[in-house]
Amino acid sequence: MTTTDESQARPLPPIPVPDELSAEFWRLAAEGVLATQRCTACGWRAYPPRMVCVGCHADPPGFEWAPVSGRGRLATWTIIRDALLPGFAHLTPYVVAEVELEEQDGLRVVARLHDVPEDALAIGLPLTVQFVDGGEGTAIPVFARADS
Amino acid sequence: MSGRFRAAGEVAIVGFAHSPIQRVADDPLGVLTLRTIREAVADAGLDMTAIDGFTTGALFPSSGGRPLRDGIEIVTSDWIVDQLHVQPRWLCGFQGLGQICGSVILATEAIASGAADYVVVHRAMYNPPGRYHANPMTHASGGDQWSAPHGFWGPPTHMALTYTEYQQRYGATREHMATVVVGGRAAGSQNPWSHWYDRPLTRDEYLSARMIAEPMSMLDCDIPVTGVGAFVLTSKERARDLPHKPVYVAGYAQGRSQSVNGVPPWRLDDVEEGGRAVGRILWENTGLGPDEIDVPQVYDAFSPFVYLWLEALGFCERGEGFEYVQDPGTSPGLTFRTGGGAIGNGRMHGVPQMLECYLQLAGRAGDRQLAGVETGIACQAAPSVGGVVAYST
């Protein structure tokens with residue numbers, strides 16, 4: 001059977017490849033849960049995951065994956081008008097943001113914004129996480145306005 | 001000078017050469033590099049047989065996902081030594097960012113310690129076919145899994161996050177940045193080797209430039225080029241016998257790798273905090289201060305770096321860089337980068353900054369020679385992760 005389905009011809013966004021450090025993050029994401037590492041010794045959270053806790057340098061390190069509320073505030077952003085990854089070309093212009101999660105000062109996640117108009121972009125804008133299909137069973141966190 | 005760096009004034013740049021800067025070079029990069037090194041050695045009044053040390057920072061930031069081949073996309077000092085078929089006393093590669101600064105630091109320490117007498121520092125830059133940072137990856141592994149699946153890819157997008165936060169926090173606009181970019185291009189348009197030779201830019205052209213990753217436009221990024229810079233360094237004693245006025249290494253400082261969170265690499269708070277630390281180390285090591293620097297060549301591969309370096313090194317206060325560069329009393333737009341920097345020359349990764357320090361302090365800057373200049377600094381990369389070297393006469 002032949003197909004002319006456009007989605008099969010179009011390059012896809014890169015699919016995350018889970019590894020020793022990230023497997024649990026992607027497993028939880030596929031269930032619709034955003035999580036970060038949390039140090040079992042001092043409670044300091046890390047995203048992306050790390051080998052050693054910057055908060056207390058516990059040895060051996062003890063990190064667990066702990067869900068977050070998914071709520072945060074817009075810390076900074078860029079409007080991508082020229083995608084360097086072919087799989088994102090059809091989405092331009094799109095907004096990539098740093099979202100500061102409410103659980104910890106400076107705990108930021110880089111992700112796309114979903115349905116946030118450019119004129120609404122402002123430092124501190126309340127956001128909440130959603131997930132989109134990332135391919136091969138993965139789910140990618142994106143953020144939408146918390147009031148939408 | 002009463003800095004902590006005891007080798008201040010002990011090691012000098014004694015010669016240089018620069019290839020043409022082209023989008024596509026006429027020769028393979030390795031051939032161009034060997035030729036430029038030979039020209040630099042001749043410029044220093046030396047024979048190649050005198051060179052007993054070689055170093056570079058070969059790291060090439062983007063290859064479109066292709067493997068890197070020595071002599072083609074990159075040129076290491078090992079490759080050079082292999083072609084020359086010599087056994088140097090000292091051979092060392094710099095690993096990290098702020099590649100030209102790191103190479104000068106290694107060379108200085110080798111000469112000051114006696115590990116080498118005459119060292120060639122080179123930097124070879126290559127513009128690959130296709131789009132510079134474009135990457136056809138279908139899967140994202142390792143560190144890339146935290147950026148690429150989000151459509152976040154390439155240094156201009158990293159810089160855009162930093163720049164938006166800077167603009168929002170301090171009130172900087174693209175109109176402010178026009179002064180920086182137009183100034184860099186005005187200076188670069190006077191350099192015969194520049195990609196932008198005889199091609200200055202107007203404010204309107206800057207303000208209407210195509211956006212890549214807002215607020216970063218095409219013209220906020222240096223243009224990818226192929227080109228080579230090479231310098232010869234030796235001890236102050238040996239420098240006395242050579243034809244050109246020596247320009248001495250007065251001290252240096254290096255940043256430290258990436259931010260705590262890694263993605264993105266240049267979070268504004270990290271750049272400001274790390275940059276201030278680099279500034280403190282620089283002034284402590286050199287015994288100098290920003291008021292004493294005649295030729296401040298801050299890094300500008302992405303235009304916001306100009307503000308961030310000026311603030312990091314204390315030329316102005318945090319958050320005031322964008323206003324500082326507007327003031328014709330302190331900056332006619334050219335003051336910081338009389339050589340044109342990366343925006344004015346092309347993506348040469350800190351070579352324009354180092355070269356301008358050398359040319360001005362050696363009295364070899366031709367039509368743009370400044371009077372009475374005795375000190376300079378040359379910066380590369382983000383203040384928090386790169387490097388800065390101070391020079392003196």
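1. Let's start where the two chains meet: the contact takes 35 residues from chain A and 35 residues from chain B. Here two residues are in contact if their C-beta atoms, placed from the backbone, lie within 7 Å. Do keep in mind that this is a predicted model, in which local features need pLDDT of at least 70 and side-chain atom pairs count only at pLDDT 80 or more, while totals for chains, interfaces and linings use all residues. Residues are numbered from 1 along each chain as its sequence is written, and chains are lettered from A, with ligands numbered from 1, in the order in which they are written.

2. Helices (H or I, at least four residues) and strands (E, at least two) are DSSP runs, numbered from the N terminus.

3. By class, this side of chain A has 25 nonpolar, 4 polar and 6 charged residues. For the classes, Ala, Val, Leu, Ile, Met, Phe, Trp, Tyr, Cys and Pro count as nonpolar, Asp, Glu, Lys and Arg as charged, and the others, Gly among them, as polar.

4. Strand pairing also links the chains: E1(A) runs parallel to strand E5 (residues 139–140) of chain B, and 2 bridges join them. Two strands pair if DSSP finds at least two bridges between them. Within this pairing, A:Ile15 stands opposite B:His139 in E5(B).

5. Turning to chain A by itself, the chain has 2 helices and 9 strands. Read along the sequence, the pattern is α-β-α-β-β-β-β-β-β-β-β. The C-alpha trace of chain A spans about 55 × 40 × 25 Å along its principal axes.

6. Of the 148 residues in chain A, 38% are buried (20 or more other C-beta atoms within 10 Å of the residue's own, with C-beta atoms placed from the backbone). Among contacts in chain A with a separation of 6 or more, residues 24 or more positions apart account for 53%.

7. The domain assignment of chain A gives domain 1 (18–67) and domain 2 (69–148); such bounds come from an automatic or database domain assignment. Taken over C-alpha atoms, the domain centres are 21 Å apart. The contact between them takes 8 residues from domain 1 of chain A and 11 residues from domain 2 of chain A.

8. What gives the most to the side of domain 1 of chain A that touches domain 2 of chain A? Helix H2 (residues 23–30) of chain A does, with 3 residues. That side of domain 1 divides into 5 nonpolar, 2 polar and 1 charged.

Conventions:
A residue is buried if 20 or more other C-beta atoms lie within 10 Å of its own, exposed if 12 or fewer, and partly exposed in between; C-beta atoms are placed from the backbone.
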